[in-house]
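Reader: Can you put the model up? I have a few questions about individual residues.
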Amino acid sequence: MGSAPETAAESGLKPGLKQRHMNLIALGGVIGAGLFVGSGVVIQSAGPAAVVSFLIAGLITVLIMRMLAEMTVARPALGSFYVYAREAMGNRAGFTVGWMYWYFFVIVVAVEAVAGGRILQLWLPNVPLWVLSLGLLLLLTATNLVSARSYGEFEYWFSSIKVIAIVVFLVVGALYLFGVWPGSHGGVGNLVSHGGFAPMGIGAVLAAVVPCVGFYTGAEIVTIAAAESAEPRRAIAKAMRSIVFRVVLFYVGSVFVVVAVKAWNAPDTAVSPYAAVLDVLGIPAVATIMNAIVLTAVLSCLNSALYTSSRMLFALTRNGDAPKMFTKLSRSGVPRRAILAGTIVGYVSVIAAYTSPNLIFQFLVNSYGAVALFVYLAIALAQVRLRKRLQNTDPGALSLKMWLFPWLSYATIALMAAVILAMAFLPSTRSQFWLSAVTLTLILIAYQFRKRRPVGPAVAADTDSSRGEAGVASP
């Protein structure tokens, strides 16, 4: 049996996150600004059958998260799937997964800071975009620098607002569809009265699954946060067991309400589908309400991106995969240098959004589009290998298992591979795929330099081996 993976206490991180934080981090990670705004693009491309696209993407995400939950409950590890990929597939795979995920979230920091600035500019039109974006970035950086609990509290309230907003939306939408809402006639005729349920064909429905999978990205953040919770095994098990219900209710349910209440091909459905529905319902100040909700979602994503990128960078230092300077912790157990490293990319990107929005900033946005999907595929591959190993060496650790192993695991790998391949051929996602492939290639090249770099004795002991520190014995 290999040694147990490093815990938060051993690394110096403080377990400041409680179960209520973990529950809302898991939930908030799934509900991003993409649901409130980006879902309109999917609805326009697939028609009412976008509900099916979101359902298929949700099922893929649920399967990936179940696989990750199995590994996390069996062996809670600082760095989560970075450690599991390293253990299952070697140092190169671990290095690549860790740095891809870090890159993904530092670009998210930049994108969300700019998006938040644009929303604030609706209320403060005379303030330059870069000033507003920089202000949001500084505010949430300061929050993350205080403590893990500070991050957890902010995320708890951000996520609570998002959940309440969606629950209210589902309730008033249901009242309208049942004919109870004032002025409503009820019924779901809009599902078929504008060209049918799938007016663009089944191919369009399947193609829409690709961007839908991207909307679900973030559910895995809770497994990284688990390292700073008092009871990581219990926290992950509880959070992950309820993700199926959340995915179906919040994503599929709310998109169903949109296409049932409002014509899928209406121009305002494409721009802001949820605002379009609230307008049909006669809710006053629709634009202000939706802008406030979307701003909350953006701040939640920005907050989580700062946290997640810093913890992944901190985890990368444990095996010599990142400079040791990022291991330094504050008195409150926060890797402040790792947090600031992520914000530097954010600052540069905010400047790029102001000086070169159509070149540099657009390149950054496209260069991370498929990166999270590459990580999801690596998670699935790692689970198959580690599950087989655990069954032979420590079956008692498998208290939360992937369903129908190994066949459902293989099916999940095939589905993820199909989604990634589809990105390479679909006109709307082709540029994202190839620029993300460039990102992957650069990280693989960086690994070759990392191999040649001299490391200290403690690190060398890790890197000489083809196995990491996930605590599962080699076969």
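Reader: Is C301 buried or exposed?
Author: C301 counts as buried, at 19% relative accessibility. Buried means under 20% relative accessible area, exposed over 50%, and partly exposed in between, with a 1.4 Å probe and protein chains only. This is a predicted model, where local features need pLDDT of at least 70 and side-chain atom pairs count only at pLDDT 80 or more, while totals for chains, interfaces and linings use all residues. Side-chain values use heavy atoms, without hydrogens and water, and residues are numbered from 1 along each chain as its sequence is written.

Reader: Different topic. Where is R387?
Author: In helix α19, residues 371–393. Helices are DSSP runs of H or I with at least four residues, strands are E runs of at least two, and both are numbered from the N terminus. R387 is buried, with a relative accessible area of 6%.

Reader: What does R387 touch?
Author: E70, L398, K401, M402 and F405, leaving out residues up to four places away in sequence. Contact means heavy atoms within 4.5 Å.

Reader: Which peptide bond is cis?
Author: The one joining F405 and P406, with omega about 5°. P406 lies in the loop between α19 and α20 (407–425).
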